[in-house]
Amino acid sequence: QDCEIKLGTVGPMTGGGASWGLSEKAGVEFEAAYVNANGGVQVGNRKCKVKVVAVDGLSTVAGGAAASNYFASEKVFAINGPVLSTEITGFKPVSKRNNQVNFATGFAKDVIGPDFPLAFHKIQSPPAWGPLVAKTAKERFKLKSAVVLGPNDQGGTDAGTQLAKIYNDTGVKTGTEWYQRGTTNFGPIATRIMNMNVDAVDVTTMPPGEAGILIKQLLEAGYPGVFARLGAGGDVVIKNSGGIEKVKNFYWFDHVPTENPAIKKLTADFERLMKAPVPDNALVFNAQLAAETMLKAISLAGTDQDGEKIAVELRKLTPDSRYLGKAGWRGKGQYGINQEFSFPVGFNYIQDGKVGAQVKLDIPAE
Amino acid sequence: MTSNRRRDFKLDLCGLALLLPLLVVPLVTNEPFYNSLAYQAAIGVSAAMAVYVMLRMGLLSFTVPAFMAIGGYAAAMFAKAGMSELLLLMGVAFIVPALFAIPLGALVLRLKGIYFIFVTFLFNEILQLVLFETPTLTGGSDGIPAVPAATLFGMSLGSPSMLVVVTVSVCIVATICTLAVTQRFRAEFTSIEENETLAESLGVAVWKYRTIGFVASAGVSGLAGFALVNMLATAHPSSFASWSVNNYIAYAFVGGRGTMLGMVVGSYLLIFMTNIFSSYANLSAGLYGVLLLVVMMGAPNGIVGLFLKFSERRKTRIQPTITPVVKEGRA
Amino acid sequence: MESIVSTGVIGVTLGTQYALISIGFTLIFGIMGVVNFAHGGFYVLGGYFAFSLSHSLGMPYVPAVLLATLATGVLGYVIETLFVEKYVVDHLATMLITLGIYQIMTTGITMAYGAEPVDFKFPISGSLRGGGYYVPYANLIVFAVCAAAISAVYYLVFKTRYGIALRAMADDGPVAKAQGITPARMFPMAFAIATALAGLTGALVTPMLSLEPTSGEGVLGKAFVIVILGGLGSVSGAVLAAFIVGLVEAYTSVYFGGSLGALALFILVMLILLVRPQGLLGTVARKA
Amino acid sequence: MLTIENLSVRYGGIEALNKVSIEVRQGESVLLVGSNGAGKSSLINAVIGLVPAASGRIVFDGKDLAGTSCPVRARLGIGYSPEGRRVFRSLTVTENVLSGTLGTPMAEAKANLEWIQDTFPLLRERANQPANQLSGGQQQIVAIARAVSTMPKLLLLDEPFLGLAPVWIGHISDAIRELQRRGTTILMTEQMARPALKLVDRAYVIRGGEVRRSGTVDEIRDVALAEEYL
Amino acid sequence: MSSVLAPSPVATHTARQGVQKLRLDGVTKQFGGLKVFDNISFEVEQGGVLGVIGPNGAGKTTLINVICGMLAPTAGRIYLGDRDITAMPFHALARLGVARSFQQTNTFRSVSVEENLFRAQRFGAVHGGGDLGIDALLDEFGLSSHLDEPSDKLPYGLQKMLGLVMVLSARPRFLLLDEPAAGLERRERTQVDRFIEHARTKLGCGVLIVEHDMDLVKRLCPRILVLEAGRLLAEGPPAEVLSRREVIDAYLGASED
Ligand SMILES: Nc1ncnc2c1ncn2[C@@H]1O[C@H](COP(=O)(O)OP(=O)(O)OP(=O)(O)O)[C@@H](O)[C@H]1O
Ligand SMILES: Nc1ncnc2c1ncn2[C@@H]1O[C@H](COP(=O)(O)OP(=O)(O)OP(=O)(O)O)[C@@H](O)[C@H]1O
Ligand SMILES: [Mg+2]
Ligand SMILES: [Mg+2]
């Protein structure tokens, strides 16, 4: 076997957002290991091994740009990531010049768009699933008011404002509340929220650790309402806030239906092949989906050295996962370009201390 | 350690000369990685120069990211408003932070040592928060996207290689400014660093020179910020995060804090290594830490300092073994 | 009215935690002149040590905390001896050295425990409630430990001849040596005491808050602010400042929100420093 | 008590002391006189161990000091008051005095402190003031008090009268006499030879890093006068 | 001796502006609860020399610190000629012509003697015109042969003399000297005499000198003040003042011979 294709992955691998970058990396590495164990990828008339090149995006705009250039120097043209809005901002224009196709994560408002034809999106942002999820939550928990909390940087405010708008559109009166990233103790903010008297507190854009502290402290303060996390990592947050015994009313959202047998199978494969537990951060699954699809496109394009060609094949193919089955592309209405996965997502809830069955929500393709 | 005026000047010029190859990089290669290294180095050197100006007075200023932000944002606003002439933008990027530095300097320049470090660090944090709290002016947490590239006499300098050329040129200007200020006021600056009370007793208006240095440092930071914004076409708060100052200070220290050559060498080394390390993903920070530790322990005065020590040792064979107690001040 | 009082209670709680972490930081600075950028790292490490001992090895919480404190102290001793001791006079070089150490520590922790927060719980839950106010028991415990630790440190540094020797060493190393003070043991010991305090804080506080590799960063930032406000190197200043910062943070965050609150706090600290550049309890040196 | 044989001290290329031999007997007080830069401080610092000896031997109380570190020498019973005071600036006056007593039993240290404070009432008045705020002469007293806080067997005083008012020179001389009565051996340097010669038994004249002459006070006084040290 | 009091007509700027006085009027300085001195008034004339003596901690250095602008007085005013210079910034006063030396050696330590002199000249270059005679002093004090040496490697005496010479670069009108002769040997002390003589006659400086060396004080100062515990204990010609009982008790002590 003399043939090798390269798959890049970029995200915050160090610092506060490391869990995102590292679980994305884990997903891509799993997919590579899986494919390699099964003989490799068919490229032209050869079977090729997959090699993963991981780069730390350093959580900054400059880091995102530098990562793209590093990939160029390593001749990597198909990339998973970046994850953070900042990294995406720096990465996009440079990768366009470098002819690199990428599957970004993140809730940035302009994560993909007609100006950047090589950029794809592997998760969906709030406008895609938000109305559906908010409606479900509103009915189940009889919500009238809510507050969305997040750090005051782009990662927090972008998604936070989108979410608040969706809640308001659904008829739940919702405000936003920003705090400084790096806050270690949420005692005062908990008091502030107590004074707001809202039915639900949504911690979607908070890092899991910080979300855990806030919920713990709200519970200590005697907050009677519902918690929500309309984004990845609900399980982790519950664990960090003291578990189900403590958090009696909670609804959250997963970027894949995690309770689905398909994802259970994925988890099992991962742990067998990687000899490590699957990361807590559910982004690992979406990374796998993106890597799987990307490899298919590379195979069809017959090269891993031309982002443009790979992108053409990506647009042509129907996303089809060996775990979650077929999905489609969406995004035209929201971003002006149909380059976002439409894999189903999951809605979960705990009500009065009882865990409800996960609801699989199908996201329509466009 | 005798009067090194001439030697230091030569080393400063060496530093300046070492920037010229960067200018050539975009002209000889299209390789994105090398161009990327070149512009990162140029921005890093500019920021390190801003640190250097203050170091000449014995002050370690943590304001660099804040003034970079002020310069970068100011230039971005001008460019967005259609005034994208390079020389104008450079002027704006220098002058606006310099103006901010005057009142701020009046407040913080009374402080010294670690106090100064901490308070200037606070200023970064404050500025970040102000950026977040003023979305109409600065775009808040999203920053100012799609900043048009600078133009020269109406010609766009937006091509990838021209962007690098512009960045490096800005860096050279920043370096020349630094050289001019530190040479012109060398006697005052070093006297203030060494023995402020004596300098004052001889008639040096210490606050005045501190302010000059601070203003120059702010202006140079602003140029660095402009270079960064122009290169990335975005003025974004995360580009000017408080902790990024640690990088610039590391450039200065690892290279050698005594000379401008040190700034250049340190920036080159650390930026190159950061790019290499970042491909080690989760290990990158740790590797960077190891590098800092190794260099600072092996060469507490930085690489240039180490080099000078060796060359001096060759000249004078006998070295004092210990710094004795005698002759400190007879207070 | 009710909210004014309960916010005050929260402020005091914050102040306690800040005080505990800041005295170690100010101790290292005051005695050795070293700005220890790794201080937050020792805080996190204390948390992980206690977590491993209690959750993985099944040790009861109290001995786990004590062992974790001891372990961070020992580690501090070793690190001081290996990396810091030789460069102690160069305040700027040690800044970078400790920064490097911090990055290595964080990377090590991420490799060992992963980037996600770990599930570390305080053994006692519940709050003391009455009249609309509440104080979690955990906070009361931290308060007691904090008071004890501060008193112990204060006594050690200011009331014992050992503390005098430590500070003398910091002031003028050669003359201190000529007074019979052995440098090789002094600084490592001071460093160890300070890192043990950080470890203790981590072991106590992270189960109430959250424990992940980067938890130390925000903590270090707060210690910065407190230590300058209090007067560099002044233990009592740090304690005073910790409570001021805690209270200001509580009130501004409750009434203006977290982001504006932080801004208000920083600006207030700047203003205080303009009036008292040497910090609240710092002293000014004589020039001639 | 203290025997120095052929001691040489070098700073880089500069030879500060060249084969100096000096003898200080138990209970005796010896003065080193000589112009600026003669090497007096270098000798004192070599005895306490702050500068290394390039060659030669220093024997204290029957023990060769080669290879012993500065703190060890101090604990063997050598007290040291450096040239130029060098009080611990951030420590209070009392803390300065107590700084070297870590090896002495607390009760003994307390008793010594009492005696010192009785001798120099200033130290009691200013007990809790940072030493840095004292005037130059006041700091000199602190430095001397610090050196005698452990009641050392051998006391090294490097220019103890520097910057002192005549009345304070008198006070310090009285204190030194009291120490002598208690059996302390003293090796001192002093620019102001006149009051210093009143305190000592013998003196050495040092010039250019070498001992030029030695003898009893009376023998030296004439030489010193002739060479304008007085 | 009486000629010492007579102002020197030599220096050009003195001729231009007439003889000025440095005058303290009821000056008080307090640190917290500690009153260092209280309500002190005296004056020095250009060309004149005033000695200030007093026991350690009497406030002599603090007095200089207050006059030169390093510390603000708690009360009282200080005048240079007619001009109120109370609490003017230190450096500005140095440029106006009120310069001080320090009790300890004070040079830019790591740089050469030449660089030290260069800096002093550069910083003080305000009152142009006329040779200050610095080169002659350097020769006389034996500093000329050490121009390339780092100043902190000089013998103590030379460091001290260098510090003094540097003060002259700004062409001061008043010199405040804090124990210029402390730690100097006898031979070197005569250089201090020479220095003061030079400043006084060639530059027309008024000199305020704080010293513990009574011989030197007697030689140089036609008039002295005795400061004790914050007040002026005595004032007058040295021979007379030094024989007063209270001065002997407070300052000279019984052991003086
Ligand atoms: N740290 C040093 N580096 C280089 N040379 C030094 C150092 N310390 C002292 N010297 C030189 O060594 C010689 C002896 O100095 P030393 O201080 O011992 O003299 P001293 O007799 O004590 O003089 P003084 O009366 O000024 O105190 C002098 O020529 C001095 O310049
Ligand atoms: N910054 C300060 N804070 C508090 N007290 C001070 C300060 N500066 C000086 N003092 C006090 O003021 C008094 C006078 O000090 P000063 O240095 O003026 O004395 P001096 O007459 O110069 O003595 P010496 O001859 O010993 O140098 C001393 O008691 C000293 O402790
Ligand atoms: Mg000496
Ligand atoms: Mg004095």
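**Side-chain contacts**

Tutor: D:E178 is partly exposed, at 24% relative accessibility (buried is under 20% relative accessible area, exposed over 50%, partly exposed in between, with a 1.4 Å probe and protein chains only). This is a predicted model: local features need pLDDT of at least 70, side-chain atom pairs count only at pLDDT 80 or more, and totals for chains, interfaces and linings use all residues. Residues are numbered from 1 along each chain as its sequence is written, chains are lettered from A and ligands numbered from 1 in the order in which they are written, and side-chain values use heavy atoms, with hydrogens and water left out.

Student: What does D:E178 form a salt bridge with?

Tutor: D:R182, with the closest N and O atoms 3.5 Å apart. A salt bridge is a side-chain nitrogen of Lys or Arg within 4 Å of a carboxyl oxygen of Asp or Glu. D:R182 is partly exposed, at 45%.

Student: How many salt bridges over all chains?

Tutor: The count is 59. One of them pairs B:D12 with B:R186, at 3.9 Å between the closest N and O atoms.

Student: B:D12, buried or exposed?

Tutor: Buried, with a relative accessible area of 0%. B:R186 is buried as well, at 9%.

Student: Switching topic. How many disulfides?

Tutor: One over all chains, taking a disulfide as a pair of cysteine sulfur atoms within 2.5 Å. A:C3 and A:C48 form it, with sulfur atoms 1.5 Å apart.

Student: Why is the disulfide right-handed?

Tutor: The torsion about the S-S bond of A:C3 and A:C48 is about 80°, so the disulfide is right-handed. Both cysteines, A:C3 and A:C48, are buried.
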